[in-house]
Amino acid sequence: MASSSILQQLLLQAPPQRRTFWRRRWVNLPPTAATTMSEASAAEEAVGEERLDPRVEKREGGYWVLKEKYRTGINPQEKVKLEKEPMSLVMEDGILELSAKSMEEIDASKIFKNDIDVRLKWLGLFHRRKHQYGRFMMRLKLPNGVTTSEQTRYLASVVANYGEQGCVDITTRQNWQIRGVVLPDVPTILQGLAAVGLTSLQSGMDNVRNPVGNPLAGIDPLEIVDTRPYTQLLTELVTDNSRGNPAFTNLPRKWNVCVVGSHDLFEHPHINDLAYMPAVKDGKLGFNLLVGGFFSPKRCAEAIPLDAWVPSDDVVPLCKAILEAYRDLGSRGNRQKTRMMWLIDELGMEVFRSEVEKRMPEKKLGRAVEEELVQKPWERRSLLGVHPQKQVGLSFVGLHVPVGRLQANEMLELARLADEYGSGELRLTVEQNIIIPNVKNSRLDALLSEPLLKERFSPQPSLLMRNLVACTGNQFCGQAIIETKARALKVTEEVERRVALQMPVRMHWTGCPNTCGQVQVADIGFMGCMARDKEGKACEGVDIYLGGRIGSDSHLGELYKKAVPCKDLAPVVVDILVDKFGAVLRVGEEDDEEEGELGGN
């Protein structure tokens, strides 16, 4: 392999990102004696030396490959990775050859077909074979959800080329996804992303997903720590400064990380594989660590304490050590049992912790401190509307983006507003909304009078609409069982006509059990499934979840009712809101008959 591919050289020639980079010196905490070496050794002995043998090895080009002796019983995705290194598409210019081929040529070859359906996900490209054949969704890396007007304009210019096939979604990890991309355009788009300081590398499949942080980082009057330096450094580690880092591209499964900087826990630490919780030890700022949180069709688990604390200087080496332990030891068999929590369960927390400690630069990992800086209890603040910043005379304005979907013209208008009223910056939230920071108080009235805020992205949406979240749904996603975004809006509008709420209620929609819409953290969650209507005919439906919580008393919701036909859903939601959330029926609704077809197509 060449030392640097043509595409990598083009990316490196682009101007640097127009945001501040922070650097931290890597130092390590002295060891403590909370658990003795003999206790850790005994736990490792119980697991067995062979089980702690790394299952991957480094090969030429820096790629990490599954060892021959561990290749029995592996899942189909692992076989695709063994067949051809996915990162060769960028690190060895494979994308240049692939993008020049027709779809007919590609589908005639197993290798090329696996390239576009599987391996391109390492470049952030997801082929929509089922619903948009020949078109791709492209997911970016956007640490902490911070973006610029220049970047926003570029993304708008990309999707504008695809007409009705092109649009942009905000994800539940503070990220952009652009839709409608065609393969011949990919090399040019990758270069364009680099020119404005963006990348899509390593944003899908068995990679580290977008690092989440406090959306109010640096501007929050009540913030604990500015999370932007850490999310940026973690992204640089994982992607090798957007060149691609094969050290972390062969994980057993996807992996999520967040850095907490708010008392509100806007970052949702309990559903991440690794969460940094700010805490002080011996007068020094650092982080306690939670590990193992995840969602999957077969199991959902909240993150649990690693019983470890690292100083702020060790945020990056700690992440590196955990990723290496997971990469080296994680299962490659049943795809439903390959997330990191399954490895923790198998080894036991103390052995897993010991394996992480071995991979720290000085082979030491301090124990957690009892008190964290996050205050409990804490009433979670709204990010929507106008709020004062810590900087005197400035405010941020949170805008509601209905189910996170934007068109190119709306992106361009947001970029203009960010430049005209703010500092040219936009921020994305995990609730699929947008914040314009650094608005002078003297300019607030003018901003609030802008047509985009009056007609489309309201700073003061209704109590039920303001926290509505929806995944892509089967409009584009081949795994989704039901349509979500349009239906979520329609059902919500119908329910609002029937009841009046006294408080916000968070409703999340997801099209399938993969739960990209995170229904388990919602007050009311709707998971797509097939159901049967009153005539016994198959139809789109949802399983309903209740009781999810976010913030200082976070926990996952539980299944409430199975297989409710979507066309019968609105009356069911009305009943739930009245019975469990104190909603009041509007005048004239008490005696109305259920109409049906309220949530249907």
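**Figure 1. Asp169 in its strand.** Strands are DSSP runs of E with at least two residues, numbered from the N terminus. In this predicted model, strand S6 covers residues 167–170 and contains Asp169. The relative accessibility of Asp169 is 2%, so this residue counts as buried, the cut-off being under 20%. Leu347 is 178 residues from Asp169 along the chain, and 38 Å separates the C-alpha atoms of the two.

Figure 2. Helix H18 runs over residues 569–581, 13 residues in total. From first to last C-alpha, H18 spans 17 Å, close to the 18 Å expected at 1.5 Å a residue. Its buried residues are Leu569, Ala570, Pro571, Val572, Val573, Val574, Ile576, Leu577 and Phe581. An α-helix makes a turn every 3.6 residues, so positions three or four places apart point the same way. Gly582 follows H18 and has a positive phi, near 70 degrees.

**Figure 3. The aromatic pair of Tyr230 and Phe287**. The model contains three aromatic pairs. Together with Tyr276, Tyr230 and Phe287 make up one aromatic cluster.

**Figure 4. The aromatic pair of Trp509 and Phe526**. The ring centres of Trp509 and Phe526 are 4.7 Å apart, and their planes meet at 35 degrees, so the pair is tilted. Trp509 belongs to strand S21 (residues 507–510) and Phe526 to strand S22 (residues 524–532), so the pair ties together parts that lie 17 residues apart in sequence. Trp509 has a relative accessible area of 0% and is buried. Phe526 is likewise buried, with a relative accessible area of 0%.

**Figure 5. Arginines over aromatic rings**. In one panel, the charged end of Arg327 sits over the ring of Trp64, at 3.6 Å from the ring centre. In another, Arg55 lies over the face of Tyr70, 5.5 Å from the centre of that ring.

**Figure 6. The largest cavity**. There are three cavities of 30 Å³ or more in the model. The largest cavity holds about 60 Å³ of space. Its lining consists of His268, Arg380, Val430, Glu431, Asn467, Val469, Arg506, His508, Gln518 and Ile550. By residue type, three of these lining residues are nonpolar, four are polar and three are charged.

**Figure 7. The second largest pocket**. This pocket has a volume of about 620 Å³. Its lining comprises 24 residues, and those nearest the pocket centre are Arg380, Asn467, Pro504, Arg506 and Ile550. The lining divides into nine nonpolar, six polar and nine charged residues. Arg380, Asn467, Arg506 and Ile550 line the largest cavity and also line this pocket.

Technical notes: Residues are numbered from 1 along each chain as its sequence is written. This is a predicted model: local features need pLDDT of at least 70, side-chain atom pairs count only at pLDDT 80 or more; totals for chains, interfaces and linings use all residues. Side-chain values use heavy atoms; hydrogens and water are left out. On a 1 Å grid over the protein atoms alone, a cavity is a set of points where a 1.4 Å probe fits but cannot get out, and a pocket is an open set with protein on both sides within 12 Å along at least five of seven lines; lining residues have an atom within 4 Å of a point. Grid points are joined across faces, edges and corners, and a volume is the space filled by probe spheres set on the points. Ala, Val, Leu, Ile, Met, Phe, Trp, Tyr, Cys and Pro count as nonpolar, Asp, Glu, Lys and Arg as charged, and the others, Gly among them, as polar. Helices (H or I, at least four residues) and strands (E, at least two) are DSSP runs, numbered from the N terminus. The expected span of a helix is 1.5 Å times one less than its number of residues. Buried means under 20% relative accessible area, exposed over 50%, partly exposed in between (1.4 Å probe, protein chains only). Rings of Phe, Tyr and Trp (its six-membered ring) pair if their centres lie within 6.5 Å; planes under 30 degrees apart count as stacked, over 60 as edge-to-face and the rest as tilted. A charge sits over a ring if NZ of Lys or CZ of Arg is within 6 Å of the ring centre and within 35 degrees of the ring normal.
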